[in-house]
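Work through the exercises below with the sequence and the coordinates open. Each task is followed by a solution in steps.

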Amino acid sequence: MNLRALLVILHDLVASALAWAVAYWLRFNFDLPPNFSHGLLTALPWVVVLQGSVFSLFGLYRGMWRFASLPDLKNILVAVGSSALVVPVVLFLLNRLSDVPRSVLFLDPLLLVLMMGGSRFAYRAWRDGLLFSGMSDQKPVIVLGAGEAAATLLRDLHRSSVWNVVALLDDDPQKKGRRLAGVPVAGTTAAVAEVAERYQVRDVIVAMPAAQPGERRHAVEAAAAAGLTVHTVPALEELLSGRVTLSQIRRVELEDLLGRAPVELDSGGLTRLLSGRTVLVTGAGGSIGSELCRQVAVFHPQRLVFFDASEFALYRVEQEFVARFPDLESVFLVGDVRDGARLAEVFATYRPDVVFHAAAYKHVPLMERENAWQAVRNNVLGSLQVARASLAHGVSEMVMVSTDKAVNPTNVMGATKRLAERICQHLQASAGEGGAGQTRFVTVRFGNVLGSNGSVIPKFREQIAKGGPVTVTHPEIIRYFMLIPEAAQLVLQAGLMGEGGEIFVLEMGEPIKIVDLARDMIRLSGFSEEEIPIQFTGLRPGEKLYEELLADDESTLPTPHSKLRVAKARDEADAAWLAEVEAWLAAPPADIEAVKAGLLRFVPEYRPQ
């Protein structure tokens with residue numbers, strides 16, 4: 001037993017003695033007759049010993065005052081109530097309760113509950129900062145939201161030396177004028193500017209983790225428009241995953257404004273697909289590939305094989321996974337998807353059951369001219385080599401990550417991804433005819449991913465940090481966006497649902513103007529457009545004003561998952577078609593125009609700019 005436990009026991013024994021004495025004094029209005037004074041002192045040792053024994057029996061000393069709560073109060077009530085029955089019985093057996101007024105037997109337990117419970121809750125209030133708050137070095141802050149998340153956050157912030165919550169705002173009209181943990185609900189989120197001026201506040205915290213994404217966006221935009229620095233607590237799905245806690249306040253990022261609802265995964269089906277199996281991910285060091293690995297690891301594969309051409313990217317993901325998933329058998333392999341011999345060696349050694357092919361060159365302007373043939377080699381030949389290795393080594397399923405730029409492509413990158421899609425479809429058709437194997441080939445097509453390598457978001461952040469301007473190619477350019485974890489989760493879900501040959505199209509929501517993203521990022525960084533101007537630079541090589549998710553000659557069918565549809569593309573390639581593609585890949589074209597001519601030959605919908 002440590003010193004702290006001994007002090008708690010001593011406290012309760014003193015409280016027991018004090019409550020017994022005060023009960024006598026209250027009974028006689030603090031004018032205690034001598035004969036009853038003798039009765040008090042005679043019974044006191046028995047009362048203290050009996051009550052202390054009952055308290056120990058009910059486990060009152062296993063709890064921590066620091067986290068005293070209603071269950072602790074319940075235990076105190078039960079223990080004191082039980083002792084209130086034991087003490088009279090023992091005293092009656094000793095001296096038939098002579099010199100013990102009956103009212104003392106009722107007053108004593110009431111006083112004891114007040115002393116024991118009051119001490120515990122006073123200690124917690126002191127540790128939580130509820131007794132002494134509002135220190136001069138704390139920053140005043142408004143919390144948006146007055147629900148359970150806000151209540152939990154307030155308890156955490158009362159211990160903080162940084163924040164002093166001065167007001168709450170909530171769109172529920174019934175909460176206006178009420179108080180939560182002593183903090184007033186001053187109005188709705190629309191009044192954030194007025195309330196901030198009244199309380200001289202420059203910061204707000206959005207505590208609405210369970211709200212719909214649109215509601216959070218409205219609250220954030222209202223605060224940002226008022227010129228306030230906006231912070232937020234983690235979203236509900238992050239809290240449920242256990243990765244973060246509610247008190248991990250951070251600055252609002254653009255991802256918080258995207259307005260994407262959490263993905264509902266078929267956990268049982270994915271467990272059957274991945275658990276206890278060997279999974280290989282190409283491009284595992286990239287933004288999409290590494291997130292796929294994180295999502296796969298949750299389902300406890302027997303082995304996870306990371307395959308990437310970049311030594312540095314592979315090193316970074318290795319450091320993360322060794323620390324985060326120490327019990328997972330992880331294999332980190334450097335290799336190029338264009339290298340058929342290396343792939344054959346890896347597949348023969350580790351015998352993957354499921355392959356996620358995320359390796360690709362995907363930067364449109366870079367791949368449009370000088371690097372066009374490398375885009376073909378990496379995206380087309382690389383996909384073909386991974387598919388061939390999957391067939392040769394009995395992989396049950398290969399899932400290829402594609403892009404919305406493969407629809408009616410106007411650039412080299414999109415055309416190479418569409419050609420890779422056609423190759424997988426062709427191999428699936430051959431497998432269905434009994435000529436190739438049992439591998440299921442599934443393609444997943446989606447738009448831009450916020451924060452991925454090469455996306456506009458890191459570029460905008462860097463430009464804002466340098467003081468601007470923020471460059472946007474065209475005022476009307478729009479793109480579909482989703483979050484990296486959402487994209488990876490839907491790739492897994494599509495892999496589970498695929499029967500072979502499908503092109504799954506992710507539900508991307510409404511397209512977003514790039515200039516609106518730029519404006520949001522400028523506001524969230526605490527600047528105005530006057531301070532950080534937006535500059536339009538013109539469309540880059542191969543860039544379209546808008547992207548499509550389906551080609552003109554395609555139709556979609558719904559699936560059991562609300563965020564996935566399946567595209568049925570006509571593919572009339574015959575048996576000689578793939579041989580022609582392979583012959584073209586083996587003979588480098590003379591120039592860029594020859595590369596584009598070859599792509600146009602194998603991708604009829606390609607329309608080079």
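**Exercise 1.** Why does Leu6 count as partly exposed?

Solution. The model is predicted, so local features need pLDDT of at least 70, side-chain atom pairs count only at pLDDT 80 or more, and totals for chains, interfaces and linings use all residues. Residues are numbered from 1 along each chain as its sequence is written, and side-chain values use heavy atoms, with hydrogens and water left out.

Step 1: Leu6 sits in helix 1 (residues 3-27); helices are DSSP runs of H or I with at least four residues, strands are runs of E with at least two, and both are numbered from the N terminus.

Step 2: apply the classes. Buried means under 20% relative accessible area, exposed over 50%, and partly exposed in between (1.4 Å probe, protein chains only). Leu6 has 45% relative accessibility and therefore counts as partly exposed.

Step 3: look at the surroundings. Leu6 belongs to a nonpolar surface patch with Leu3, Leu7, Leu10 and Val14, and together they have about 500 Å² of accessible area. Like charges are joined within 9 Å, and nonpolar side chains (Val, Leu, Ile, Met, Phe, Trp, Tyr) within 5 Å. Areas come from the Shrake-Rupley method with a 1.4 Å probe; for residues, only the protein chains shown count as cover.

**Exercise 2.** Is Leu157 buried or exposed, and which residues is Leu157 in contact with, leaving aside neighbours within four places in sequence?

Solution. Step 1: Leu157 is in helix 5 (residues 148-157).

Step 1: its relative accessibility is 7%, so Leu157 counts as buried.

Step 2: beyond those sequence neighbours, Leu157 has contacts (heavy atoms within 4.5 Å) with Trp163, Val165, Ile205 and Ile249.

**Exercise 3.** Which residues touch the most other members of the largest nonpolar core?

Solution. Step 1: a nonpolar core is a set of buried Ala, Val, Leu, Ile, Met, Phe, Trp, Tyr and Cys residues joined through side-chain atoms within 4.5 Å.

Step 1: the largest core has 46 residues, and Leu419, Ile423 and Leu599 touch the most other members. Helix 14 (residues 372-392) gives the most to this core, with eleven residues.

Step 2: another core, of 38 residues, lies apart from it and includes Cys293, Leu304, Phe446 and Val566.

**Exercise 4.** How many aromatic pairs does a search of the whole structure find?

Solution. Step 1: rings of Phe, Tyr and Trp (its six-membered ring) pair if their centres lie within 6.5 Å; planes under 30 degrees apart count as stacked, over 60 as edge-to-face and the rest as tilted. The search finds eight pairs.

Step 1: one of them is Phe306 with Phe321, edge-to-face at 4.9 Å centre to centre and 70 degrees between the planes. Phe306 lies in strand 9 (residues 303-308) and Phe321 in helix 11 (residues 311-324), 15 residues apart. Phe306 is buried at 0% relative accessible area, and Phe321 is buried at 1%.

Step 2: Trp584 and Phe602 have ring centres 5.5 Å apart and planes at 45 degrees, so this pair is tilted. Trp584 belongs to helix 19 (residues 575-586) and Phe602 to helix 20 (residues 592-602), so the pair ties together parts 18 residues apart in sequence.

Technical notes
Patches are made of residues with over 30% relative accessible area and no salt bridge: like charges are joined within 9 Å, nonpolar side chains (Val, Leu, Ile, Met, Phe, Trp, Tyr) within 5 Å. A salt bridge is a side-chain nitrogen of Lys or Arg within 4 Å of a carboxyl oxygen of Asp or Glu.
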